[in-house]
Amino acid sequence: MNLTFTPGSVVVLVGGSGAGKTTFALRRWPATWRLSLDDYRAMATDDMADQSATPVADQVQTLLLDARLSRSLTTVIDSTALLPHVRAGLLARARYWQRPCVAVLFDVSLDRRRAQNAGRERVVPDHVLVDQERLVPTAEQLLAEGFLHVDRVRATGPAYLEPARIR
């Protein structure tokens, strides 16, 4: 699957835990493109699930995002991005640097996320998966927020289908 973006874009992965965002990113783009709050929480506390480190992780992510966008480097934001204020902040950084901002929406059922979550090193509690399900935005919501376009990635069987671009 090839997703193409304008060089220097901010690519925001949107979806609940266990949707396959990190695996998807690691298989498709250079590791240096990917900014991950989980990684920064782990660096700060030795535990990527330690939510108390999120403010520090966010500062690190913002610093690296600005460093990359100031150089017009494509950057993939690997987090759930389920909260509107988080997406608004990423859109604002992209606007500040005059860079396009696109979303990749992971359209993965709760049952599939539960199954994938069970096989992860760090299992997210089921009540969190359920809570996240209610927060997943539609492609139309993402476009209304200001994303240039949205690619929807759907999971069927063991592999993802080609994403559909939504304008």
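Helices (H or I, at least four residues) and strands (E, at least two) are DSSP runs, numbered from the N terminus. The model is predicted, so local features need pLDDT of at least 70 and side-chain atom pairs count only at pLDDT 80 or more, while totals for chains, interfaces and linings use all residues. Residues are numbered from 1 along each chain as its sequence is written, and side-chain values use heavy atoms, with hydrogens and water left out.

V56 is in helix α3, which covers residues 54-69. With a relative accessible area of 43%, V56 is partly exposed; buried means under 20%, exposed over 50% and partly exposed in between, with a 1.4 Å probe and protein chains only.

Aromatic contacts come next. Rings of Phe, Tyr and Trp (its six-membered ring) pair if their centres lie within 6.5 Å; planes under 30 degrees apart count as stacked, over 60 as edge-to-face and the rest as tilted. By this rule there are 4 aromatic pairs. F24 and W29 are edge-to-face, because their ring centres are 5.8 Å apart and their planes stand at 70°. F24 is buried at 1% relative accessibility, and W29 is buried at 10%.

F24 also pairs edge-to-face with F106, at 5.2 Å centre to centre and 90° between the planes. F24 lies in helix α1 (residues 21-28) and F106 in strand β4 (residues 101-107), so this pair ties together parts that are 82 residues apart in sequence. Both F24 and F106 are buried. Ring pairs link F5, F24, W29 and F106 into a cluster.
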